Amino acid sequence: MFGKLFGGSTERPEAAPHALPAPRRRRNGTYPLHALGDTRVLALLEAAGAGDWPAVKAALAPFDIGRDHHVLRELANVDGVQDWIGRAVDEDEEDRATALLISGARHIVWGWQARTTKLAVDVSPEQWRVFHDRLRIAEEQLLEAIELRLEWVTPWVRLLTLGRGMSLGTDVNEAWLEGALSRDPLDLEAHLEWLSHLLPRWGGAPGEALPFARAALARAPRGHRLGCVIAMAYVNVWADADRADCLETPEIRAELRAAADHSILDPGYAFTPGWQYDFNLFAMALVMAEENHTVRRVFRTLDGAYTGWPWHHHLAKPEKVFARYHRRA
């Protein structure tokens, strides 16, 4: 399944049967990841953009929308889905749960688009009203999707995103976390959402996030992407610190190196559609820690594939930063 070894023990995955070819023309040797780098996801997004519900359902066949967070996120970010998905919810009894899940996820994204990324004090009353209206619709739809498909994980995780935005309180959010983890105790996205809940800027207590991440990593088998929770914890430490060099210690570098070796750089890691997000997350944490040997292995595996998350949340010119460090690798 894997290609030749290079750059130490790092392996570049062989092109999957459905891999989108990387662009030949690249800016600074890098390119933004599109449609998770997968032709099947591209067909799905094109169907969603056209408002073709039967084609969306057909394109979803290779995926488990109730567990595949990357695919659901791609769908939720398609402009205009909210204009037609309601008809699918009302008219398609057989696949109503799928339509509810997609609509709920889209309404969360659509709600944040209304709120914008401004500071809370700069958001107008009308923006707040639209934001909350759309998130309330999302809550109703996701809860109904859960009733129809009790085994799904993705609606619980989207509820955690919604709960943070609507400030629903610890009891509600803990119940939704338990809902997600009871279905998959190692679900990375559930852990990342809860990591955000633990941050002081979202009402958490200082110092809670990193122990939570370490405990999660301790439960993860080798090659499991849950190790990414350590990288995200340190990205947040860096984002909230007063000093840009706060991660540049031997202890933090060693911890990040060990987490990467345990998860994304382990031979057992599964290169499923969207794997580039995991590698970008570790790349950012390792860059900020100046763990140069390990980040070189990560960038070489990425081969220029850039994902906006998590870079754009914390940097003014994220693509330029990515390109600069990728070039050094």
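A residue counts as buried when its relative accessible area is under 20%, as exposed when that area is over 50%, and as partly exposed in between.

**Figure 1. Overall fold of the protein chain in the predicted model.** The protein chain contains 16 helices and four strands. Its radius of gyration is 20 Å, close to the 20 Å that the globule rule gives for 329 residues, so the chain is as compact as a globular protein of that length. The C-alpha trace spans about 55 × 45 × 35 Å along its principal axes. Of contacts between residues at least 6 apart in sequence, 64% join residues at least 24 apart.

**Figure 2. Surface and charge of the protein chain.** Buried residues account for 52% of the 329 residues. The accessible surface is about 15400 Å², and 52% of that surface belongs to carbon and sulfur atoms. The chain carries 38 positive and 45 negative side chains, and the centres of these two sets are 9 Å apart. The structure holds 19 salt bridges.

**Figure 3. Close-up of the salt bridge between Asp-261 and Arg-297.** The side chains of the two residues meet with an N to O distance of 3.1 Å. Asp-261 belongs to helix H12 (residues 250-262) and Arg-297 to helix H14 (residues 292-302), so the pair, 36 residues apart, links distant parts of the chain. Arg-297 has a relative accessibility of 6% and therefore counts as buried, the cut-off being under 20%. Asp-261, with a relative accessible area of 27%, is partly exposed.

**Figure 4. Close-up of the salt bridge between Arg-96 and Glu-144.** Here the N to O distance is 2.7 Å. Glu-144 is partly exposed, at 27% relative accessibility.

**Figure 5. Close-up of the salt bridge between Arg-40 and Asp-38.** The closest N and O atoms of this pair are 2.9 Å apart. Asp-38 has a relative accessible area of 4% and is buried, whereas Arg-40, at 24% relative accessibility, counts as partly exposed.

**Figure 6. Close-up of a network of salt bridges.** Side chains of opposite charge can pair when their charged atoms come close. In this view the linked residues are Glu-126, Arg-129, Asp-133 and Arg-136.

Definitions and conventions:
Residues are numbered from 1 along each chain as its sequence is written. This is a predicted model: local features need pLDDT of at least 70, side-chain atom pairs count only at pLDDT 80 or more; totals for chains, interfaces and linings use all residues. Side-chain values use heavy atoms; hydrogens and water are left out. Helices (H or I, at least four residues) and strands (E, at least two) are DSSP runs, numbered from the N terminus. The radius of gyration is taken over C-alpha atoms; the globule rule is 2.2 Å times the number of residues to the power 0.38. Buried means under 20% relative accessible area, exposed over 50%, partly exposed in between (1.4 Å probe, protein chains only). Contact means heavy atoms within 4.5 Å. Accessible areas come from the Shrake-Rupley method with a 1.4 Å probe; for residues, only the protein chains shown count as cover. Lys and Arg count as positive and Asp and Glu as negative; His and the chain ends are not counted. The place of a charge is taken as NZ of Lys, CZ of Arg, CG of Asp or CD of Glu. A salt bridge is a side-chain nitrogen of Lys or Arg within 4 Å of a carboxyl oxygen of Asp or Glu.
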